[in-house]
Amino acid sequence: MWDAIWLNGRLATMVEGSVPYGAIDDAVIATEDGRIAWLGRRGDLAGEPHTLARDVHDLAGRWLTPGLIDCHTHLVYGGDRAREFAQRLEGASYAEIARAGGGIVSTVAATRAADEETLFAAARRRLSALLAEGVTTVEVKSGYGLNLEGELKQLRVARRLGTEMPVTVRTTFLGAHALPPEFADRADAYIDAVVAMIPEVKASGLADAVDAFCEGIGFTPEQTARVFAAATEQGLPVKLHADQLSDLGGAALAAGHSALSADHLEYTSNDGVAAMAAAGTVAVLLPGAFYFLRETKLPPIGALRAAGVPMAIATDCNPGSAPLTSLLLVLNMACTLFRLTPEEALTGITRHAARALGLSDRCGMLEVGKAADFAIWDIDDPAELAYRIGFNPLAYAVKGGAILSS
């Protein structure tokens with residue numbers, strides 16, 4: 001006996017093939033021990049549902065997709081930067097604010113001052129908004145401590161989110177996010193400190209990957225390469241904030257280190273695209289930051305598409321450039337701002353997002369053996385998820401075979 005069967009619905013399996021969305025009509029999906037045990041057409045089911053499973057759920061014609069994946073967030077932080085939002089509207093640029101002591105450094109001060117309970121409570125509210133839209137897996141970066149104690153504090157809070165809430169959390173150490181005040185004008189010395197942190201971060205078991213911010217207001221390619229070398233030595237995969245504000249060759253640098261993903265990519269060159277395609281590095285597009293910062297330079301979507309680079313999308317939830325907790329809104333932004341198709345956008349928060357986190361074997365598609373993480377939608381077509389703005393058609397979600405809400 002299987003644990004449960006869902007029937008009388010339509011599956012968007014998101015498995016790559018000739019059928020849009022990998023769709024299966026008049027479908028059945030069965031779960032056992034938190035995993036998908038069987039799926040297919042009702043006519044291929046070997047018996048009556050009630051004889052095959054302990055619980056039978058009627059989808060009543062709804063669509064069922066993989067649980068959504070937000071593969072790039074900064075959910076754990078202290079304070080906010082609403083004043084900086086007003087400054088940008090008055091004409092200040094993101095880089096100008098950062099150089100004047102605002103930006104990431106101001107969030108560092110608030111995060112260092114906050115205790116873990118305060119950080120957890122705030123992050124839990126943000127994460128709850130994502131879960132209410134069918135998210136079942138999320139990545140959370142550090143990067144607002146900028147010292148060992150502060151970075152580990154953030155990572156502990158992120159891990160706690162995954163134990164106290166019904167969501168899979170992947171954590172990323174982003175020590176090379178910005179230059180802390182105590183290292184002013186000593187970027188190389190700070191990179192020495194980050195490199196020294198990585199073995200301790202690895203030993204703590206709190207990080208699944210290492211990231212860096214390679215940018216004019218961040219760190220040089222040479223400094224980033226040192227961080228990546230230290231991560232590789234510890235057996236940690238790498239990711240990169242690349243080419244967001246300028247082309248420093250970040251995408252190619254990430255690909256050269258077999259990075260899981262290169263993220264942002266507004267200024268990525270054709271050489272960077274080619275390097276990512278050769279390395280299998282995922283492009284993580286962040287239309288929320290593009291929108292919020294009122295950028296005009298689009299990522300090279302056509303080149304990425306032509307080269308076959310997988311394109312994931314994510315909220316980039318953070319206090320400075322994307323105070324965004326709606327992955328459904330990101331779907332619409334990816335289509336309207338970046339001209340992705342609705343199918344490409346949904347693939348970007350399922351199959352390709354899983355790949356960007358190194359989780360392709362566990363989630364992102366509806367396949368036998370993968371986690372029984374689903375989202376069930378009151379829609380007539382999967383394109384509605386990207387089409388509607390400010391509307392949440394989630395009927396309920398399932399995590400590890402257990403119904404979360406209805």
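Mentor: A residue counts as buried when its relative accessible area is under 20%, as exposed when it is over 50%, and as partly exposed in between (1.4 Å probe, protein chains only). This is a predicted model, in which local features need pLDDT of at least 70 and side-chain atom pairs count only at pLDDT 80 or more, while totals for chains, interfaces and linings use all residues. Residues are numbered from 1 along each chain as its sequence is written, and side-chain values use heavy atoms, with hydrogens and water left out.

Trainee: Is Phe338 buried or exposed?
Mentor: Phe338 sits in the loop between helix 13 and helix 14 (342-348). Helices (H or I, at least four residues) and strands (E, at least two) are DSSP runs, numbered from the N terminus. The relative accessibility of Phe338 is 3%, so it counts as buried.

Trainee: Which residues does Phe338 touch, not counting those up to four places away in sequence?
Mentor: Contact means heavy atoms within 4.5 Å. Phe338 and Leu286 are 52 residues apart in sequence, with 9.7 Å between their C-alpha atoms. Beyond four places in sequence, Phe338 touches Leu285, Leu286, Pro287, Phe290, Leu298, Pro299, Ile301 and Met333.

Trainee: How many of the 10 residues of helix 13 are buried?
Mentor: The buried residues of helix 13 are Leu327, Leu328, Val330, Leu331, Asn332, Met333, Ala334 and Cys335. Helix 13 is mostly covered, and its count of buried residues is 8.

Trainee: To which backbone nitrogen does the side chain of Asn318 reach?
Mentor: Asn318 lies in the loop between strand 13 (311-313) and helix 13 (327-336). A polar contact is a pair of N or O atoms within 3.5 Å; within protein, one must be able to donate a hydrogen and the other to accept it, and residues adjacent in sequence count only if both atoms are side-chain atoms. A polar atom of the Asn318 side chain lies 2.7 Å from the backbone oxygen of Asp316. At 2.8 Å, the Asn318 side chain also reaches the backbone nitrogen of Gly320.

Trainee: Why does Asn318 count as buried?
Mentor: Asn318 touches His74, Tyr77, Tyr144 and Pro323, leaving out residues up to four places away in sequence. Asn318 counts as buried because its relative accessibility is 5%.

Trainee: What is the relative accessibility of Ser321?
Mentor: Ser321 is in the loop between strand 13 and helix 13. Residues up to four places away aside, Ser321 touches Tyr94, Gly288, Ala289, Phe292, Leu293 and Asp316. Ser321 counts as buried because its relative accessibility is 5%.

Trainee: Which residues is Gly61 in contact with, leaving aside neighbours within four places in sequence?
Mentor: Gly61 belongs to the loop between strand 4 (53-58) and strand 5 (63-66). With 30% relative accessibility, Gly61 counts as partly exposed. Its C-alpha atom is 9.4 Å from that of Ala27, which is 34 residues away along the chain. With those neighbours left aside, Gly61 is in contact with Asn8, Gly9 and Arg10.

Trainee: What is phi of Asp243 near?
Mentor: Asp243 is in the loop between strand 10 (239-242) and helix 9 (250-256). At 1% relative accessibility, Asp243 is buried. Its phi is positive, in a residue other than glycine, and is near 55°.

Trainee: And what is phi of Leu265 near?
Mentor: Leu265 is placed in the loop between strand 11 (261-264) and helix 10 (270-279). Leu265 is buried, with a relative accessible area of 0%. Phi of Leu265 is again a positive value in a residue other than glycine, near 75°.

Trainee: What distance separates the C-alpha atoms of Met197 and Glu149?
Mentor: Met197 lies in helix 7 (residues 187-204), and at 7% relative accessibility Met197 is buried. Beyond four places in sequence, its contacts are Leu146, Asn147, Leu148, Phe173 and Tyr190. Met197 and Glu149 are 48 residues apart along the chain, and their C-alpha atoms are separated by 9.7 Å.

Trainee: What is the radius of gyration of the protein?
Mentor: The secondary structure comes to 16 helices and 16 strands. The globule rule (2.2 Å times the number of residues to the power 0.38) goes with a radius of gyration taken over C-alpha atoms. For 406 residues the rule gives 22 Å, and the protein comes close to this, so it is as compact as a globular protein of that length, with a radius of gyration of 21 Å.

Trainee: What share of the 406 residues counts as buried?
Mentor: Along its principal axes, the C-alpha trace spans about 70 × 45 × 40 Å. Among contacts between residues at least 6 apart in sequence, 70% join residues at least 24 apart. The buried share of the 406 residues is 56%.
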